[in-house]
Amino acid sequence: MDRRGVVDALVLRGARGVGDRGFRALVDAFGGAGAVLAAGRAELEARCGATGLLVGALEEARRARSRWEEEVRRAAEGGFTLAVYGGAGYPRLLAEIPDPPPVLYLAGSLETGDERAVAVVGSRRASTYGVRFARALARDLAGAGITVVSGLARGIDAAAHQGALDAGGRTAAVFGAGLDVIYPGWNEALARAVRGAGAWVSELPLGSEPRAHHFPRRNRIISGLSLGVVVVEAAERSGSLITATCALEQGREVFAVPGLPGSYNARGAHGLLRAGAKLVERAEDVLAELPPLAGGPSPASALRPPRDGPPEPPAAHRSVWEALEAVPLHIDEVAARADMGAARAGAALMELVLGGFAEEWPGKRYSRARSGSESP
């Protein structure tokens, strides 16, 4: 869309009382934001039943046009592009949701193939196991040609983006701030890598700070860009569950990863599973629910072939590894099962954790890694 069309969209979006749904209704009725702004009172009343309040709000918005012309200039200088609902470059899946963002700020690029996207989200305070699972899951999804979407937050989100990068795949980060405000700041290096392998996305004007009320709205974009949402770890009240709710409202698939019974971070995912979310233990569980790639095989068939067998733990620590189970055990119990002292067992456990053969849990508890160091 040309510069004028982008400014028209920003002017209309900025009109008092015109929300996302109102913007969509007006653009659908008139064919574009410019046509809405050019319409007189009689035409607005006839075509969309506009009230005097809306007519006045549009007149007021027109007078603020210079503000939005400056916004478009700043975006261009910062290397950002803008995509407008109803225009070229706007993501098709996102345009289908009930309340699509009128304007998207983009850095990097969104491509047609990014319609094959899955969101991977979860707790900022994720366990070691949750982070490793999310990273491996995202790596396998990206390796099968799926774009991984997440929110760039600490914990599961960051692991999901990193997993896609590990596979040399594509990933998109949806911001809860303006694109010129990287949040959290410590994630800047990862954010730069994501931009180079996909896109940053935001509906917020440049300079917008990360406010609490931005993130629930951000979550509808994460799910809206995706065919499905995978919740890896989440508390009973969390942003990840808001994303899952948005996905349901948008007709997307909802997946959840089971966690340790009784774990605080498992409660949200377990609640989703009880409500009918699809259980995920590996990437194939997600890929099997997605439609075939256009003109090609199903995404599940794109997964790399399995190895001849799981990696073997070091022989010196074999007895400790064999003492472990899928559920965490206290170090004292592991030591007793392996028939050795706690200090020696602890040293072996640390070697197994570093090698990806075991997982460390709070309270000096350990379990076997689900599938060694390579798969979730």
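How many cavities of 30 Å³ or more does a search of the whole structure find? The search finds two. The model under discussion is a predicted one.

## Cavities

The largest cavity holds about 50 Å³ of space. Its lining is made up of S127, Y129, V232, E233, V257, G259, L260, S263, N265, A266, A269 and W361. By class, these lining residues divide into seven nonpolar, four polar and one charged.

The second largest cavity has a volume of about 30 Å³. Y129, G130, F133, V232, E233, V257, P258 and G259 line this second cavity. Five of these residues are nonpolar, two are polar and one is charged. Y129, V232, E233, V257 and G259 occur in the linings of both cavities.

## The second largest pocket

The greatest contribution comes from α11, with four residues. In terms of class, the lining of the second largest pocket has seven nonpolar, eight polar and five charged residues.

In soluble globular proteins, nonpolar side chains tend to be buried together. In this model, the largest nonpolar core has 71 residues, and those with the most contacts inside it are L10, L12, L44, L58, W200 and V201. Helix α1 (residues 3-13) gives the most to this core, contributing six residues. Apart from this core lies another, of 27 residues, which includes Y129, A138, A159 and W361.

V201, one of the residues with the most contacts inside the largest core, touches L104, Y105, L106, L110, A173, V174, F175, L179, I221 and L225 when residues up to four places away in sequence are not counted. In the other core, Y129 and W361 are among the members, and both also line the largest cavity.

## Helix α8

Helix α8 covers residues 128-143, 16 residues in total. At 1.5 Å a residue the helix should span 22 Å, and its end C-alpha atoms are 23 Å apart, which agrees with the expectation.

Buried residues of α8 are Y129, G130, F133, A134, A136, L137, A138, R139, D140, L141 and A142. Among them, Y129, G130 and F133 also line the second largest cavity. The helix is followed by G145, which has a positive phi near 90 degrees.

E359 belongs to strand β11 (residues 358-361). Is E359 buried or exposed? With a relative accessible area of 4%, E359 counts as buried, because the value falls under the 20% cut-off.

Leaving aside neighbours within four places in sequence, E359 is in contact with T128, Y129, R132, V353, R365, Y366, S367, R368 and A369. Of these partners, Y129 is also a lining residue of the largest cavity.

Most residues other than glycine have a negative phi. D339 lies in the loop between α16 (331-338) and α17 (342-354). Its relative accessible area is 70%, so D339 is exposed.

K364 is likewise not a glycine and has a positive phi of about 55 degrees. Its position is the loop between β11 and β12 (365-368). K364 also counts as exposed, at 58% relative accessibility.

## Overall architecture

The secondary structure of the protein comes to 17 helices and 13 strands. Taken along the principal axes, the C-alpha atoms fill a box of roughly 85 × 40 × 40 Å.

Of the 376 residues, 52% count as buried. Among contacts with a separation of 6 or more, residues 24 or more positions apart account for 69%.

Conventions. Residues are numbered from 1 along each chain as its sequence is written. This is a predicted model: local features need pLDDT of at least 70, side-chain atom pairs count only at pLDDT 80 or more; totals for chains, interfaces and linings use all residues. Side-chain values use heavy atoms; hydrogens and water are left out. A nonpolar core is a set of buried Ala, Val, Leu, Ile, Met, Phe, Trp, Tyr and Cys residues joined through side-chain atoms within 4.5 Å. Buried means under 20% relative accessible area, exposed over 50%, partly exposed in between (1.4 Å probe, protein chains only). Helices (H or I, at least four residues) and strands (E, at least two) are DSSP runs, numbered from the N terminus. Contact means heavy atoms within 4.5 Å. On a 1 Å grid over the protein atoms alone, a cavity is a set of points where a 1.4 Å probe fits but cannot get out, and a pocket is an open set with protein on both sides within 12 Å along at least five of seven lines; lining residues have an atom within 4 Å of a point. Grid points are joined across faces, edges and corners, and a volume is the space filled by probe spheres set on the points. Ala, Val, Leu, Ile, Met, Phe, Trp, Tyr, Cys and Pro count as nonpolar, Asp, Glu, Lys and Arg as charged, and the others, Gly among them, as polar. The expected span of a helix is 1.5 Å times one less than its number of residues.
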